[in-house]
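Here is a colleague's note for someone opening this structure for the first time. Please keep the sequence and the model in view while reading the numbered points.

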Amino acid sequence: MLDPLSSVLDGTDPLSLFAATADPLLSMIMDNARKKRDKDESLSVGSDFEPWSSKRGEILARYTTNEKLSINLYMGSEKGKASTPGSTVSEKVRTRLEELDDLEEGSQKELLNLTQQDYTNRIEELNQSLKDAWASDQKVKALKIVIQCSKLLSDTTVIQFYPSKFVLITDILDTFGKLVYERIFSMCADHCNPLPDNFTPESVNDIAKETCLNWFFKIASIRELIPRFYVETSILKCNKFLSKTGILECLPRLTSMIRGIGDPLVAVYARAYLCRVGIEVAPYLKDNLSKNFFDFLLTFKQVHGDTVQNQLVAQGVEIPSYLTLYSPAIDWILQCIAYRAAETLLTEMMERCRMLGNNALLLNSIMSAFRAEFIAARAMDFIGMIKECDESGFPKHLLFCSLGQNLALADPPESDRLQILNEAWKVITKLKSPQDYINCAKIWMEYTCRHFTKREVNTILTDVIKHMTPDRAFEEAYPQLQSMIQKVITYLHDFAILFSLEKFLPFLDMFQKESVRVEVCKCIMQAFIKHQQESTKDPVILNALLHVCKTMHDSVNALTLEDEKRTLASL
């Protein structure tokens, strides 16, 4: 038999419900709160903000490992099953607290020697187990799974894999946060009046508020800092059910919690997750984003401490490789800060970077996150900072790549353009690795074509041939070389000038692989047909086009597909 007093605890007594619907003052408060919420929502991120989901695949592809991994997998418990309908409120509370204690006492199994793919599969299984547990009303079991997954983020035994592990685990946290929010949101609705998206806490019933508080109390009882931080952050949005200022109050507290994480890599990814959730649920609260970044700067010297250095020696990881592990997290934090930010804030970030001795990792992240127009207008300042950077931790040519990517999107001051090219090319032309060289040259080719004449373009082509011909290095760089040709013909529409470039045809000769060479020739012919409006008798143009067409013609044989034949014939 149900406890007759338990319904009072649920807040479903008729007088409370009547008062909630009949109080005109309450209605006025709700209207004012809704207007404020609408104003706040107008400050939300727009389509020009690159979402986290677009970065996910790149991180998983880049940060891989051949090392063996381990994982703690929850094995389940009979206690995790849903309570019987006859259970009293106190029995339910006692049972769930016992279940959480059961987690701490070792209801888990460690799986060792997993490959990266095995590890990914296990995490996906846990994500599905979370959804299944939730669907079968085993909420405590779902919480256990999330806690265990969060604990994995404190493990850096295979440090090169950490960014990818972060992506996989936070997918589970996002799932959990969404399930909890939707569950509480559904409790607020009745058959006649579903709760609007821009609701206020006053329109949330007592049952929903009680359930929401219960989740926060459960999470507060988690003993370890890292899982407690991650799980609470995942349901940050649920504060909307309790108070209009709940999120505003929680963000600084969660930011301060991260100061208790000793490993700088683990801490910076915790900051990235907090910024990621924060900008989704309260994009108008920008101060907390800057606070996270400045806290990171204060602790960045830990990277060179004995603890981190000993860990790197034990795992055989070099400091440049280690520093690149920070990039996804720092890039994301800075992207959130820089989004529609005033130039004064961006200038402050530059100054902070200078105060740290022009740290190359931070400088690279700043150039990746800030608006291209901001970077281009201060290109010479950035070049000065790059020249002063210590190259031992982060290669300078990568900084010039980031700068070049910005200058392809926005124009620097006209008076600085030649000096910028000269300073960049001094560094690029000295690169010993053909791959490093061609990756940089590909980016700066567009800048050269946009702002300079055929003389400078020819100089770049000459330098590329010089670097890529020895040991047939060009065979490993066809995509980059193809991209360079595409940029040249995009900006040089006068084919008399294009074919008069001394090194243009020698550059084409580097495409030794027939399929690639034919594709390049097709691009040239398509550009010629598009831009050449009148007939020509120029012998230089005719000779070059004859060479291009002959290449396409000679590629046709008995095995050539009909579609390919039609394409070539139309050209």
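**Notes on the model**

1. Salt bridges, overall. The count of salt bridges comes to 21, where a salt bridge is a side-chain nitrogen of Lys or Arg within 4 Å of a carboxyl oxygen of Asp or Glu. This is a predicted model, in which local features need pLDDT of at least 70 and side-chain atom pairs count only at pLDDT 80 or more, whereas totals for chains, interfaces and linings use all residues. Residues are numbered from 1 along each chain as its sequence is written, and side-chain values use heavy atoms, with hydrogens and water left out.

2. K165 and D155. One of the salt bridges joins the side chains of K165 and D155, at 3.7 Å from N to O. The two residues are 10 apart and link distant parts of the chain, with K165 in helix α8 and D155 in the loop between α7 (139-151) and α8; helices here are DSSP runs (H or I, at least four residues), numbered from the N terminus. K165 has 6% relative accessibility and therefore counts as buried, while D155, at 22%, counts as partly exposed. For these words, buried means under 20% relative accessible area, exposed means over 50%, and partly exposed lies in between, with a 1.4 Å probe and protein chains only.

3. R354 and E351. Another salt bridge is formed by R354 and E351, whose closest N and O atoms are 2.7 Å apart. Both residues belong to helix α17 (residues 343-355), and because they are three residues apart they are separated by about one helical turn. R354 is partly exposed, with a relative accessible area of 33%, and E351 also counts as partly exposed, at 38%.

4. K387 and E423. The side chains of K387 and E423 meet in a salt bridge as well, at 3.4 Å from N to O. K387 lies in helix α20 (residues 379-388) and E423 in helix α22 (residues 417-428), so this pair ties together parts that are 36 residues apart in sequence. The relative accessibility of K387 is 48%, which means that K387 counts as partly exposed, whereas E423 is buried at 13%.

5. A network. Where several charged side chains come together, R259, R271 and D295 are linked in a network of salt bridges.

6. Helix α12. The 18 residues of helix α12 (residues 264-281) should span 26 Å at 1.5 Å a residue, and the end C-alpha atoms are 26 Å apart, which agrees; the expected span is 1.5 Å times one less than the number of residues. Because 17 of the 18 residues of α12 are buried, this helix is largely enclosed by the rest of the structure. At the start of α12, a side-chain oxygen of D263 reaches to within 2.9 Å of the backbone nitrogen of L265.

7. The nonpolar core. Which residues touch the most other members of the largest nonpolar core? Of its 184 residues, they are F293, Y322, W444 and V464, a nonpolar core being a set of buried Ala, Val, Leu, Ile, Met, Phe, Trp, Tyr and Cys residues joined through side-chain atoms within 4.5 Å. Helix α8 (residues 162-188) gives the most to this core, with 14 residues. Leaving aside residues up to four places away in sequence, V464 touches Y437, I438, A441, L481, M484, F507 and M510, where contact means heavy atoms within 4.5 Å.

8. Aromatic pairs. The count of aromatic pairs comes to 29; rings of Phe, Tyr and Trp (its six-membered ring) pair if their centres lie within 6.5 Å, and planes under 30 degrees apart count as stacked, over 60 as edge-to-face and the rest as tilted. F499 and F504 form an edge-to-face pair, with 5.8 Å from centre to centre and 65 degrees between the planes. F499 counts as buried at 5% relative accessibility, as does F504 at 0%. The rings of F507 and F511 have their centres 6.3 Å apart and their planes at 65 degrees, so this pair is edge-to-face, and both residues are buried. Elsewhere, ring pairs link a cluster whose members include F49, W52, Y162, F166 and W332.

9. Two positive phi values. Most residues other than glycine have a negative phi. D471, however, has a positive phi near 60 degrees, lies in the loop between α24 (454-468) and α25 (478-491), and is exposed, with a relative accessible area of 79%. R472 has a positive phi of about 50 degrees although it is not a glycine; R472 is found in the loop between α24 and α25 and is partly exposed at 41%.

Key: Polar contact = N/O pair within 3.5 Å; in protein donor to acceptor, adjacent residues only side chain to side chain.
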